[in-house]
Amino acid sequence: MPVNLSSNGIPAILAGDTNSKPLLQVLEIKLIGSSQERYRLLLSDSVSSQQAMVATQLNDRVKNGAVRKGSVIQLIEYICSTIQNRKIIVILNMETIIPECEIIGNPNMYTESNTTSHNPLSNGISHHTLPPSTNRPNPTNNNIQTFRPTIQPPYQPPPPIYKPHGAITKNEAPPRIIPITALNPYQGRWAIKARVTAKGDLRRYNNAKGDGKVFSFDLLDSDSGEIRVTCFNSVVDRFYDTIEVGKVYIISKGSLKPAKKNFNHLNNEWEIFLESSSTIDICNDEDSSIPQQQFSFKPISEIETLENNSILDIIGIVTSVNPSVPILRKNGMETQRRILTITDQSSKSVEVTLWGDFCNREGQTLQELVNSGLTPVLAVKAGKVNDFTGKTIGTVSSTQLFIDPESTEANTLRTWFNTRGKNVISQSISRENGFSKPETRKTVSQIKDEGLGRSEKPDWVTIKATIIFIKTDSFCYTACPLTIGDRKCSKKVTKSGDFKWQCDRCNQEFEECDYRYLLQCQVQDHTGLTWVTAFQECGEEILGCNAKELYVMKYEEHDDEGFGNFIKSRLFAEVVLKLKIKEEMYGEEQRVKITVVKVDKVDYGSNTKFLLDSIKMR
C-alpha cells in the first residue's frame with residue numbers, strides 16, 4: 001500500500017506554516033538532557049529532513065514505542081523556533097499514523113539552497129509501497145489509498161486582544177493560544193488563556209544590583225494546566241494593579257525558566273517571567289471552561305511523613321479556633337497569629353496557624369461560626385508544613401483559605417462528620433506535651449557513633465539513662481516575666497541601678513522577675529555518657545521544684561550545704577529522656593547540642609517489652 005508523506009512538508013513548516021498538519025516520517029530518535037528528559041527527532045517528508053524537539057508531555061509516546069524509528073506521524077500542533085541560529089520544529093501534539101515503516105525516499109538535511117528545487121508551493125507527491133499485510137483492510141476500488149492531513153482554519157483571536165496593524169508579514173501574525181502544558185523554552189511566540197487563582201504580595205528587596213520589587217501570580221487554564229508568572233521592577237508597575245484573582249486573561253510574550261521548587265508548589269517544571277514586551281489582556285466574557293480553582297488535597301494522616309516546608313492543599317472540619325493574638329517577630333515587627341484545629345476522615349487532626357490578615361479575615365469568620373455551634377469546612381490552598389513541635393500547617397503569602405467550599409470533597413467530608421466523625425476522637429499530629437515525634441530508641445554511644453544531629457534537620461531520639469552530675473554554678477537565670485502575644489518573653493534580665501530588673505528586649509523595668517532553669521546534666525547508660533541541656537519544664541521534672549526555690553536557697557539564704565544536699569539527692573535517678581539533637585555554631589566551632597524535651601519516669605514493664613522486642617529482631 002503506498003504511503004504519501006506530505007510533499008514539501010519540511011520547507012513549509014520552516015517557512016512559518018502551522019496549520020497544514022503534515023504527514024512526516026521519523027528517521028532518528030535521540031534522548032538528550034541530563035536534568036530533564038527530552039527527545040530529539042529527525043523528521044522527513046521523503047525529500048528533506050529536519051530536526052525536531054518533542055514537548056515533554058509527549059515523552060510517553062516515545063517511551064511506550066508508539067513513536068519510534070520509521071513511524072509515520074501527523075503533526076497536529078507544532079511551531080518552528082530559532083535556537084542558536086538554527087531552526088528547530090517543536091512538536092506540541094502529534095498522532096501516529098503507521099507505527100513502523102521502511103524509510104521513504106532519499107531525504108537529505110534541508111538547507112535554504114534547497115528552496116528552488118523543493119518549492120513549498122508545489123503539489124508533488126512522494127510515494128512508497130508497503131509490503132502486503134493480512135491485517136490491512138482491502139480497498140474497495142483500484143484507487144490508491146493515501147493519508148492526507150486534515151487542514152483546519154487557523155485560530156482567530158478575539159478583536160480586543162490583538163488589534164490590527166495593517167498587512168501581516170512574516171513573524172507578525174498573532175501567536176496561537178496553546179495549553180499551559182504545551183509551553184516550553186523552545187517556543188518563540190505563544191499565548192495562553194488562563195484564570196488567576198492566586199496573587200502574591202508586592203515584595204521589595206535589596207541585593208548587589210540595588211533595590212528592586214517583585215510579585216508573582218498563579219494561572220490555571222481549561223486543560224488543568226498550572227504555571228506561576230513572576231514580574232520584576234518596571235514590569236511590576238505595568239501589571240500589578242491589572243491582575244485580579246478570579247479574572248481570565250490572555251498572556252503572551254515572556255521567557256520560560258525552570259521553576260524554583262523551594263518556592264513554587266505548582267505542578268509545572270517551568271515558570272514564566274514577564275518582560276517589557278509582554279502583553280496581558282483581560283477577557284471580559286466569563287469562560288466557564290476554566291475552573292475557578294484546582295486542589296490536590298492530602299489526608300491529614302499523610303502530613304506526618306512530609307518534609308518540613310512542603311507546600312500542600314488540605315481540607316478538614318474546623319473543630320476549634322483560638323483567639324487572635326499579637327506576636328513580636330524576630331525583626332521587631334508585630335503581627336497577628338491565630339491557631340485553629342481541623343480534622344478529616346483519617347481520624348487525625350492538625351493545627352493550622354493563620355498569620356497576619358488571615359487572622360482578622362477568615363480567622364474571625366471561623367471563630368464566629370464555631371462559637372455559634374457550627375463546624376465549618378475549611379479548604380487550605382498552598383499551606384506550608386512546619387515540624388518544629390510536631391506537624392502543623394501555616395499560611396504564607398500565596399496561601400488561600402476557602403470556608404465551606406462547594407465541592408465533592410467538602411460534601412463528602414460534611415457527610416462523614418455528621419454521621420460518624422463528630423463522635424470520633426481524633427489523634428493530633430501537632431502536639432503531645434511539646435513532643436510529637438515518633439519514638440526512636442537509642443543508646444548514648446549511638447548518638448556519637450551514628451553522627452546524630454549532623455544533618456540539615458535535627459534528630460529526635462529517646463534514651464534510658466541515669467543522671468550522674470548536675471552543674472550548679474549556673475543552674476538557672478533571671479528572666480523577663482512580661483507576656484508577648486500568648487507566650488512569655490523569658491529573655492534574660494539584669495538589675496538596674498534602682499534595684500529593679502530590666503529587659504533589653506521589652507525595654508521595660510519591673511520589681512519582680514521569673515527564674516528559669518538552664519540545667520547542664522551529665523547522663524550515662526551502659527554504653528557511655530554525654531552532656532544534655534534541660535530548660536524550664538524539663539528542669540522542674542528532674543529536680544522536683546521550681547527554680548526560684550533553689551535560687552533563694554543558694555543566693556539569698558546562702559545555704560550552700562542544704563543546696564548541695566538537695567542536688568545530690570536528685571542524682572543517680574534513672575529516667576527516660578526524649579532528646580532533640582542538632583549541630584549548632586558556637587563562635588567559629590560546630591558543636592552538637594543535645595536538648596531534653598521531655599522527662600519520664602522509667603516504666604519497667606514497657607522497657608522490658610522493648611528489650612525483648614530488640615532481642616527478637618537480632
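K193 and D287 pair up in a salt bridge, their closest N and O atoms sitting 3.1 Å apart. A salt bridge here is a side-chain nitrogen of Lys or Arg within 4 Å of a carboxyl oxygen of Asp or Glu. This is a predicted model, in which local features need pLDDT of at least 70 and side-chain atom pairs count only at pLDDT 80 or more, while totals for chains, interfaces and linings use all residues. Residues are numbered from 1 along each chain as its sequence is written, and side-chain values use heavy atoms, with hydrogens and water left out.

**Salt bridges**

- K193 lies in strand 7 (residues 191-199) and D287 in the loop between strand 14 (279-282) and helix 4 (300-303), so their bridge ties together parts that are 94 residues apart in sequence. Helices (H or I, at least four residues) and strands (E, at least two) are DSSP runs, numbered from the N terminus.
- K193 counts as partly exposed at 28% relative accessibility, whereas D287 counts as buried at 15%. Buried means under 20% relative accessible area, exposed means over 50%, and partly exposed is in between (1.4 Å probe, protein chains only).
- The structure holds 15 salt bridges in total. In general, side chains of opposite charge can pair when their charged atoms come close.
- E583 and R454 are another such pair, at 2.5 Å from N to O. E583 is in strand 32 (residues 574-586) and R454 is in the loop between helix 8 (444-449) and strand 23 (459-470), so this bridge joins parts that are 129 residues apart in sequence. R454 is exposed, at 52% relative accessible area.
- E244 bridges to K247, with the closest N and O atoms 3.3 Å apart. E244 is partly exposed at 39%, and K247 is partly exposed at 33%.
- E226, D313 and K381 are linked in a salt-bridge network.

**Cysteines**

- You'll find zero disulfides here, a disulfide being a pair of cysteine sulfur atoms within 2.5 Å.
- C476 is in no disulfide, and its nearest cysteine sulfur, that of C513, is 9.1 Å away. C476 is buried, at 13% relative accessibility.
- The sulfur of C480 is 3.8 Å from the closest cysteine sulfur, in C503, which is too far for a bond. C480 is buried too, at 0% relative accessibility.

**A charged patch**

- E556, E557, D559, D560 and E561 form a negative surface patch. Patch members have over 30% relative accessible area and no salt bridge; like charges are joined within 9 Å, and nonpolar side chains (Val, Leu, Ile, Met, Phe, Trp, Tyr) within 5 Å.
- Lys and Arg count as positive and Asp and Glu as negative, with His and the chain ends not counted.

**Backbone spots to look at**

- K21 has a positive phi, near 50°, in a residue other than glycine. K21 sits in the loop between helix 1 (9-14) and strand 1 (23-32) and is buried, at 10% relative accessibility.
- N309 also has a positive phi, near 75°, and is likewise a residue other than glycine. N309 lies in the loop between helix 4 and strand 15 (311-321) and is partly exposed, at 42%.
- L529 belongs to strand 31 (residues 528-535) and is partly exposed, at 45%. L529 and T466 are 63 residues apart in sequence, with 9.2 Å from C-alpha to C-alpha.

Methods: Accessible areas come from the Shrake-Rupley method with a 1.4 Å probe; for residues, only the protein chains shown count as cover. The place of a charge is taken as NZ of Lys, CZ of Arg, CG of Asp or CD of Glu.
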